[in-house]
Amino acid sequence: MHGKVDTYAALRTVLDQIEASTLKIGALLLTGDLADRGDLLAYQRLRDLVEPAAARLGTPVLYGVGNHDSRGPFREGLLGAEPTAEAHDYVHWVGDLRIIMLDTTEPGEHSGFLSTAQLRWLADELATAAPDGTILALHHPPVPSPLAMVNSLLLAEPQNLADVLAGSDVKIVLAGHAHHASAGVLSGVPVWVAGATAYRIRTLGPADRITGLVGGEYTRIDVYPEGAVATAVPIATSEVVYDMTLDEVVQLAADYH
């Protein structure tokens, strides 16, 4: 990408880090912009990278559509399905936890949109609460960005989504698109805008410019009975400051006193 970023290598590093963590992973969520130009071969290459890692983890991969994606090649290359052009909205269950993926794309546009039919479908689905609650994932953030130039590319009419979420069992809304991590609230529901694995956007700088920087991240989501927590995870490795067991931490704290 731009002669500076090997996005394939970055994603491979992410998968390696997840596998090395030995954590029990419930699902891998890829929330859109999975191929820069919506090319069929790119989707096939992505699937060949992600699916074997998911198989080793014993976890499903949930693919979402972003504004850089093309629905037909997306369906054919990632899902092995007919290359149709309708919105890719679906529900996946991880035990009693419901994950809903919404397609907020408009072909040919970079901003996001949810149709009346999609909002009605979502409302009907949320009318029945899930035993362990719901996670809603989409590509375009329904909350503002600190960057004015990004704000013109977000989900249009987010209040329509807010009206559907009000009083529902949705624990967190997950989005991407912006290439910077940020948090907000929509109708009382936490919203997490995940940073991108490809590169990051400078969030402090001139208001009339947007600057892409080398470096990426992904997000860990932990779900609890009372809610959910999102944690940004950098891709680049760092020098270790300390590495201790819980007993060693307790002893160190005691030594300080």
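Let's start with a crossing: helices α4 and α6 cross in a right-handed way. Right-handed here means that the near helix is turned clockwise from the far one by less than a right angle. Helices are DSSP runs of H or I with at least four residues, strands are E runs of at least two, and both are numbered from the N terminus.

A word on the source. This is a predicted model, where local features need pLDDT of at least 70, side-chain atom pairs count only at pLDDT 80 or more, and totals for chains, interfaces and linings use all residues. Residues are numbered from 1 along each chain as its sequence is written, and side-chain values use heavy atoms, with hydrogens and water left out.

Back to the pair. Helix α4 covers residues 116-126 and helix α6 covers residues 158-165. Their axes are 9 Å apart, at an angle of about 20°. Axes are lines fitted to C-alpha atoms, for helices over the stretch in contact, and angles run from 0 to 180 degrees between N-to-C directions. So α4 and α6 are roughly parallel, a term for angles under 35 degrees.

Which residues meet? From α4, L119, L122, A123 and L126; from α6, N160, L161, V164 and L165. Contact means heavy atoms within 4.5 Å. The residues of this contact divide into 7 nonpolar, 1 polar and no charged. Nonpolar is Ala, Val, Leu, Ile, Met, Phe, Trp, Tyr, Cys and Pro; charged is Asp, Glu, Lys and Arg; the others, Gly among them, are polar.

Now the second pair. The axes of α1 and α2 come within 10 Å and cross at roughly 5°. These two helices are therefore roughly parallel as well. Y8, L11, R12, L15, I18 and E19 in α1 meet R45, L46, L49, V50, A53, R56 and L57 in α2. That contact has 9 nonpolar, no polar and 4 charged residues.

Stay with α1. Its buried residues are A9, A10, L11, V14, L15 and I18. Buried means under 20% relative accessible area, exposed over 50%, partly exposed in between, with a 1.4 Å probe and protein chains only. What covers them includes β1, α2 and β11.

Last, two loop residues. T22 lies between α1 and β1. T22 has a positive phi of about 65° although it is not a glycine. H177 sits in the loop between β6 and β7, and its phi is near 75°. Which of them is buried, and which exposed? T22 is exposed, at 71% relative accessible area. H177 is buried, at 15%.

Technical notes. Angles under 35 degrees count as roughly parallel, over 145 as roughly antiparallel, 65 to 115 as roughly perpendicular and the rest as oblique.
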